[in-house]
Amino acid sequence: MITWLTATDHKKIGIMYIITTMVFFVIAGILALMIRAQLATPDNDLIPSHLYNQIFTLHGTAMIFFVIAPFGLGLANYLVPLQIGAPDMAFPRLNATSLWLFVIAGIITFLGLATYGGAAAYGWTNYAPLSEISEGTGVGADFWLIGILLASVSTILTAINITTTTFLLRAPGMTMWRVPIFVWEMIATAILILMAFPSLTAVTLMVLIDRHLGGHFFDPAFGGNPILYQHLFWFFGHPEVYVMVLPYFGIVTEVIATFARKPVFGYVGLVISAFAIAGLSIGVWAHHMFTTGAVSNPFFSAVSFLIAVPTGVKFVNWIGTMWKGSIELSTAMLFAVGFLFNFLLGGITGVMVASPPIDYQVHDSYFVVNHFHYTLGGGSMFAMFAALFFWFPKIFGVKLSERLGKWCFWFMFVGFNITFIPMAFMGLEGMARRVYTYPNVEHLALLNGIASFGGVILAIGVALFFVNILVSAFAHVPVPANPWGGYSLEWATSSPPPEFNFETMPPINSRRPLWDAPSTQGSGP
Amino acid sequence: MKTFVGLFLSSTAFGAVILVAYWFVAHEETTGSVLLAIMTAALAFAAVYAVIAERHAHIDGDGQDLTPEDVKGEDLGVYTTHSPYPILLALSCLFMLLGVLYSPILAFAAVVAVLLCLWRLGAESARV
Amino acid sequence: MHWLIHPATSQGALMQQTWIVSLVAGLLVALYVYGAIIWCLIRYRRRESEPASFTGNKPLEITYAIIPLIIVIGLFLVTMHSELPVDRVSAHPENRIDVTAFRWSWRFGYNGDRIVTFGTPAQPPTLYLPLGRTTEIDLTSSDVNHSFWVPAFLFKRDAIPGMTNRFDLTPTRTGTFLSRCAQFCGVDHALMTFIVKVVPAAAYDRFIASNGVAKP
Ligand SMILES: [Cu+2]
Ligand SMILES: [Cu+2]
């Protein structure tokens, strides 16, 4: 136990990151089921509004700050040193500090539930001046702010660590233009974090100052400005969306290339598009503010539209990688293909909401709930499961059951779409997000009923994943170093890898070192 | 390393382009311009640092034809596997924030703890 | 489209064009990409034969960067075509109504606040609008951020304390439209609804002339 609490080895830290995100994933998933239970029928009074508001706030907060974003960082912690042939991250102690700041941040945020007056209930965006009015004692809201503050600092430290590691610790011959696409996506993510997260740290501190030290940053009665909050928040908030997506682009690229048995199509294009997305994403923050009447809608609309171009390039490259390949539909590959299907829909609704006249109708409605769940749920979450199935044997030395895995995928894929497709129509029919109840008008009752039914199927799929872990751990079939025929460096070392990662380092002459030196491959051609 | 210098230089240039474009379209809205200006300045700082650091850098990973054989016996540095201070530092940070909000004594004690942890971490990394 | 998006203002009709163009473009792109993915999965599933090993195709990649660029430029132009007129506020509005959002209902002030109605979460207020006339809404909030959303007009605008948002609405058909606050504002956000009633101009004039006694 103590050896884990004090560990600075990147693999142990990565494992603890991933396990923590899985715990929060289950909690946030249960919160989502409570939301669907409350909304299953119109005028339902199962959950009172003050409790419901805490539930959706914690669901969003957990999924964003404690699941989707840190899973990418945790996986990077595990994989980046392995993929570039390094013995560890550049700053192992800093790395451990990031991990524990993150774990503590998650716990303190949820501890709000145990306070009198309950947890924060302002939505994950925590808009001021609403978030400066305390309902109850406000201790839960303070805990939320402390949690986000710690999480933001933790994320910045990890970004510094990832950037430095990839700068300096690449193995001989592993030039920048030979590192796997996952590493490139993590570099883009890290630089994006360094640009955007300080704004979150600042705005969270400002709300704390307003609440406790008599500040009036966002209080118009004292010359403050609510719009200022939105600017500072979304200057972080939109890049955060890509912090939650770029690592998953990397995962999907690796998985597709491995199971199509082909080199990545358009390596340079994938790298450039990652940085184009990261760069453009700092110029679009106020597309979350189209309806405020206080920002330049044409500017933010134009830049938001432009992001579709590098994202389109990525789709071309993924399809190009599959083209004329030899595709094996393993569970990991199924999840990667599921990502392609869902993320494309999220991207298309994303282009729609980049248009202010469309946003005037759908902003803060269930249409937007549909949009971002397709990108972050159907997109990133599916890629997260692709990663879990793909790298689980490497991390734990045990293969997950493919049979159960495929059941898991189909339940999740079908359940996800049944849950979220109706939401687009709810939004068009006038259902606002963050409402604990809705009247029985138009088709809202039917649509919500379908969505709640889909939620149950999705939950079964997720539960099957954890069943799979138990079953596979019990069966304990040991795996070779390279069970999938992968060709990046992490497959050259044993599963799980030894301390400091490599007993012998293969020579690196190309982007696919294991392809060049078949002797180091465990199996596959 | 050259790639990284280029990366930071082009990021800075891109930040500047967005800043100028934004200024032209929406300069009456100052918050955005200030945010973009700070961000571009920070990127420029990183770029300048990268340019300077690059001159003295010697990175194995940049050698196209370097093989593991070539660097045998080279000092790779020492990597710790355990340290108790990161988790203590994280806990102290939590108590520092809680202290600022609810109890000055706790805040003071936590600041001392943070400084102690930082000092020990510094001493640990100096030793190896 | 009619059953999904059926705007009741002239501004809404303009925005409907953007909706239709974007939906059609989106569906075509989705079909094309889904087709390509499914083709790959069927045609190139694992067999004995060796997979190809090409690593890219510059002309093809560039073409597929330019095509989305052209699409989004087109969509941006369509967007601006409706955005600019919708955001324009007429210098001489035929009618002006002050709307103030508060936790958790609305205050409507007609004719320079000579007629004022308040609502409560349990008793949502009614906003009367004259048919065919351009009404300027002056929107603000007295506490936190809210948002004035009339789904039937395809339109919402935020009510933000410390600033006034102005916009024009020109109803094109009479009717009663359930409307609501869209920006989360606390405990009773879900109940912060109001009703928009578009009435013939003559009935509206009688309402104003009688200082609110003659409900249209
Ligand atoms: Cu955004
Ligand atoms: Cu409201």
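**Entry 1: a helix crossing in chain A**

I began with handedness: H8(A) and H12(A) cross in a left-handed manner. A reminder to myself before going on: this is a predicted model. H8 covers residues 246-260 of chain A and H12 covers residues 331-353. I looked up their geometry and found that the axes come within 9 Å and cross at roughly 130 degrees. H8(A) is therefore oblique to H12(A), since angles over 145 would be needed for roughly antiparallel.

Next I asked myself which residues of H8(A) meet H12(A). From H8(A) I noted Phe249(A), Val252(A), Val255(A), Ile256(A) and Phe259(A). Facing them in H12(A) I found Ala332(A), Met333(A), Ala336(A), Phe339(A), Leu340(A) and Phe343(A). Sorted by class, this contact has eleven nonpolar residues, no polar ones and no charged ones.

**Entry 2: H10 and H11**

I then turned to H10 (residues 297-306) and H11 (residues 308-322) of chain A. Their axes lie 4 Å apart, and the packing angle is about 10 degrees. That angle is under 35 degrees, which makes H10(A) roughly parallel to H11(A). On the H10(A) side, I listed Ser304(A), Phe305(A) and Leu306(A) as making the contact. On the H11(A) side, I listed Ala308(A), Val309(A) and Pro310(A). Here the classes come out as five nonpolar, one polar and no charged residues.

**Entry 3: where chain A meets chain B**

How many residues of chain A are in contact with chain B? I counted 65 from chain A, in contact with 49 from chain B. The two chains bury about 4900 Å² between them, and carbon and sulfur atoms give 77% of that area. I also checked which chain A residues lose the most area to chain B: they are Arg93(A), Phe167(A) and Pro172(A). Together these three account for 15% of what the chain A side buries.

**Entry 4: a look at Ala481(A)**

I found Ala481(A) in the loop between helix H16 (444-475) and helix H17 (513-516) of chain A. Setting aside neighbours within four places in sequence, I see Ala481(A) in contact with Lys394(A), Trp491(A), Thr493(A), Ser494(A) and Ser495(A). I also took a distance to Val241(A), 240 residues away along the chain: the C-alpha atoms of Ala481(A) and Val241(A) are separated by 34 Å.

**Entry 5: confidence**

Last, I checked the pLDDT of chain A: the mean is 91, and 97% of residues reach 70 or more. Over residues 519-525 of chain A, though, the pLDDT is below 50. I noted that this stretch has twelve contacts in the model beyond near neighbours in sequence.

Note on methods: Residues are numbered from 1 along each chain as its sequence is written. Chains are lettered from A and ligands numbered from 1 in the order in which they are written. This is a predicted model: local features need pLDDT of at least 70, side-chain atom pairs count only at pLDDT 80 or more; totals for chains, interfaces and linings use all residues. Side-chain values use heavy atoms; hydrogens and water are left out. pLDDT is the predictor's confidence in each residue, from 0 to 100. Contact means heavy atoms within 4.5 Å. Axes are lines fitted to C-alpha atoms, for helices over the stretch in contact, and angles run from 0 to 180 degrees between N-to-C directions. Helices (H or I, at least four residues) and strands (E, at least two) are DSSP runs, numbered from the N terminus. Angles under 35 degrees count as roughly parallel, over 145 as roughly antiparallel, 65 to 115 as roughly perpendicular and the rest as oblique. A crossing is left-handed if the near helix is turned anticlockwise from the far one by less than a right angle, and right-handed if clockwise. Ala, Val, Leu, Ile, Met, Phe, Trp, Tyr, Cys and Pro count as nonpolar, Asp, Glu, Lys and Arg as charged, and the others, Gly among them, as polar. Buried area is the accessible area (1.4 Å probe) that two parts lose on being put together, summed over both.
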